Amino acid sequence: MHRALDQAHLAFKEGEVPVGAVVVDALGTIIGAGRNSSVASCDPSGHAEICALRAAGQQLANYRLEGCTLFVTLEPCMMCAGAMVHARLTRLVYGAAEPRTGMVESKANLLAQPWFNHQVVVTSGVLAAPAKKLLKQFFATKR
């Protein structure tokens, strides 16, 4: 999660909402990293999770990320949760809850729906305090 926070700090410096993510394989090696880049890339799918999943898929030469864990500083949205199911991600670990748009536990639990052909194990609240602090600092500069 510390490496995901590093990515969030980079996003902050780039003027993006400070969310960072890394994908780790079964051996604990980081195989993909990403940070929010929607503003700079003019891409609505430029979320940290999507960027990290793309990088991991390229590293493995496979869109299926079985055996992998995604660490992200903020609870994922609907788009990112869907991408995790599609990637057959084994586990999600996230930091801060997102009470307005979080689709893993806050607003809904998309990852636990019985109609999906894959289930993702979820761990929440890991290093939530520093992730929240960074988000608050970012939005304070915008007000």
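Predicted model: local features only at pLDDT ≥ 70, side-chain atom pairs only at ≥ 80, totals over all residues.
Visitor: How do you know that the span of helix α1 agrees with its number of residues?
Guide: Helices (H or I, at least four residues) and strands (E, at least two) are DSSP runs, numbered from the N terminus. The expected span of a helix is 1.5 Å times one less than its number of residues. Helix α1 has 12 residues, 2–13, so it should span 16 Å. Its end C-alpha atoms are 17 Å apart, which agrees.

Visitor: Which residues of α1 are buried?
Guide: They are A4, L5, Q7, A8 and A11. Buried means under 20% relative accessible area, exposed over 50%, and partly exposed in between (1.4 Å probe, protein chains only).

Visitor: Why are the buried residues of α1 said to line one face?
Guide: Seen down the helix axis, they fall within an arc of 155°, so they line one face. The arc is that of the directions from the helix axis to the C-beta atoms. Their cover includes β1 (20–24), β2 (30–35), β3 (69–74) and α5 (128–142).

Visitor: Why is E49 called buried?
Guide: Its relative accessibility is 4%. The cut-off is under 20%, so E49 counts as buried. E49 lies in helix α3 (residues 48–60). Leaving aside neighbours within four places in sequence, its contacts (heavy atoms within 4.5 Å) include A21, L70 and C77. The unreviewed UniProt entry annotates E49 as "active site"; such annotations may be inferred rather than shown by experiment, and positions follow the numbering used here, with feature names shortened.

Visitor: Why is β1 described as largely enclosed?
Guide: Five of its five residues are buried, so the rest of the structure largely encloses β1.

Visitor: What makes β1 and β2 a pair?
Guide: Two strands pair if DSSP finds at least two bridges between them. Five bridges join β1 to β2, which run antiparallel. In β2, A21 has G34 as its bridge partner.

Conventions:
Residues numbered from 1 in each chain as written. Heavy atoms only, no water.
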